[in-house]
Amino acid sequence: MSKTQSLEQLRGEIDQIDSNLVKLLNQRAKVASDVGRLKAGQDRDFHVPSREREVHERVARLNQGPLPEEAFRSIFREIMSACLALESPVKVAFLGPMATFTHMAAMQQFGLSAQLVPQKSIPTVFEEVEKGRALYGVVPVENSTEGMVSHTLDMFVESDLKITAEVLLEVSHDLLSRTGRMEDVRKVYSHPQALAQCRHWLEENLPNVPLVDVASTALAAQIVSEDLSAAAIAGCSAAEHYGLKVVRSRIEDQVNNFTRFIVVSRKLAEPSGNDKTSILFSVKDEPGILYRMLEPFARRGVNLSKIESRPVKTKAWEYIFFLDMSGHVSEAPVGEAIEELRSFCQFLKILGSYPKAR
Ligand SMILES: C=C(O[C@@H]1C=C(C(=O)O)C=C[C@H]1O)C(=O)O
């Protein structure tokens with residue numbers, strides 16, 4: 001920048017660049033619509049997550065700064081979301097109500113132009129996708145401090161939906177109220193997990209204030225939007241959505257609190273080059289079975305990243321196992337190890353192969 005450039009001149013330059021951006025973005029949208037028409041004629045899906053990933057990766061390679069990769073990721077997520085919405089918005093069911101952490105995860109994955117539809121429960125999210133009323137569903141599956149969301153794992157025993165993506169979100173809690181003043185808080189509402197995650201902060205800062213459990217952090221925010229003497233513990237997007245002020249931000253006791261969400265759909269995702277596969281199976285109760293079920297993976301050098309067991313609801317002391325591994329099921333070592341395991345399982349289901357979250 002030379003010293004002689006005035007504020008007006010610099011703003012003029014920005015206006016010129018924006019004019020070009022508007023033109024280019026509309027050009028891009030038109031080409032995306034052409035692609036949409038072409039695909040419709042060939043009966044192909046318009047939304048192609050693997051291609052979107054390619055676009056993000058290409059943009060990251062092109063980027064020479066000063067903007068960081070993350071900035072381009074959000075910008076291009078919204079560009080592609082808006083291009084898709086011109087044809088027909090991608091419909092996504094998520095565990096609601098509005099402004100839950102699952103809602104934030106859905107926005108992170110699909111952008112603001114997707115049609116995000118809140119659902120009352122995890123089973124209704126699955127049902128919306130199974131019946132074809134939504135293309136995707138988003139539900140929580142695991143929290144780094146509270147563990148697995150067993151309701152979600154249990155759904156896969158009956159459902160044939162596939163996991164097509166995972167989303168990692170840092171979960172941070174704010175204390176929200178109508179007035180934004182600490183001295184007005186006579187009661188605190190939240191989801192029991194959120195209250196547990198802020199226990200020490202609450203003991204120190206709001207001792208003797210009653211804590212009330214409700215079904216979600218967003219519902220707590222909704223209740224508090226009608227009560228001047230109450231506060232909610234919820235994510236920052238709930239403040240905006242329910243017209244609340246932040247009394248204190250980031251009140252969780254542990255930093256680095258992540259929740260993992262999964263995206264379900266009726267189709268398997270294509271390989272992206274850096275995938276993960278999840279399976280579910282049950283084995284006969286006999287000596288050495290735990291060793292035998294893992295051996296096919298060890299022999300082929302397939303990296304197992306997680307193993308969970310859940311009781312079979314209809315049979316006491318029998319278990320089903322959930323296994324996560326690196327790689328896509330279409331890759332030989334992964335596919336072969338799974339088939340070998342299948343040969344001594346009572347049942348085995350591939351829950352999906354999907355890109356590893358960044
Ligand atoms: C335009 C396409 O369709 C959709 C829109 C994309 C985009 O805006 O870049 C990318 C993938 C698809 O979800 C395509 O497949 O190329």
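Trainee: How do I read the packing of helix H11 against helix H12, and at what angle do their axes cross?

Mentor: Two packed helices are described by the angle between their axes and by the distance between those axes. In this predicted model, the axes of H11 (residues 289–299) and H12 (residues 332–342) come within 8 Å and cross at roughly 160 degrees. Angles over 145 degrees count as roughly antiparallel, and H11 and H12 are therefore roughly antiparallel to each other. The crossing of H11 with H12 is right-handed.

Trainee: Which residues of H11 and H12 meet?

Mentor: From H11 come Met293, Pro296 and Phe297, and they meet Ala337, Glu340 and Leu341 of H12. By class, this contact has 5 nonpolar residues, no polar ones and 1 charged residue.

Trainee: Next, the sheet. In what order do the 4 strands lie?

Mentor: Strands of a sheet pair through backbone hydrogen bonds, either parallel or antiparallel. Here the order is S13-S14-S12-S15, in an open sheet with antiparallel pairing. Strands S13 (304–311) and S15 (345–355) stand at the edges with a single partner strand each, so one side of each has no neighbour in the sheet. From one strand to the next, the twist averages 15 degrees.

Trainee: Over how many bridges do S12 and S14 pair?

Mentor: S12 (residues 275–283) and S14 (residues 319–326) pair over 6 bridges, in the antiparallel sense.

Trainee: Which strands does helix H6 lie across?

Mentor: H6 (residues 150–158) lies across S12, S13, S14 and S15, and runs at about 80 degrees to S13. H12 also packs on the sheet, where it touches S12, S14 and S15, and its direction makes about 160 degrees with that of S15.

Trainee: What residues are around the ligand?

Mentor: Among them are Ala32, Phe46, His47, Arg51, Glu52, Met80 and Cys83. The elements that give two or more residues to this shell are helices H1 (7–41), H2 (49–62) and H3 (69–87). Sorted by class, the shell has 8 nonpolar, 1 polar and 2 charged residues.

Trainee: Where should I look for backbone details, such as the peptide bond from Gly65 to Pro66?

Mentor: That bond is cis, with omega near 10 degrees, and Pro66 is in the loop between H2 and H3. Gly96 and Pro97 are also joined by a cis peptide bond, with omega about 0 degrees. Pro97 is in the loop between strand S1 (91–95) and helix H4 (101–110).

Trainee: What is phi of Asn208?

Mentor: Phi is near 70 degrees, a positive value in a residue other than glycine. Asn208 is in the loop between helix H8 (199–205) and strand S8 (211–213).

Notes. Residues numbered from 1 in each chain as written. Predicted model: local features only at pLDDT ≥ 70, side-chain atom pairs only at ≥ 80, totals over all residues. Axes fitted to C-alpha atoms, helices over the stretch in contact; angles between N-to-C directions. Parallel < 35°, antiparallel > 145°, perpendicular 65-115°, else oblique. Left-handed = near helix turned anticlockwise from the far one by under 90°. Contact = placed C-beta atoms within 7 Å. Nonpolar A, V, L, I, M, F, W, Y, C, P; charged D, E, K, R; others polar. Pairing = 2+ DSSP bridges. Near = placed C-beta within 6 Å.
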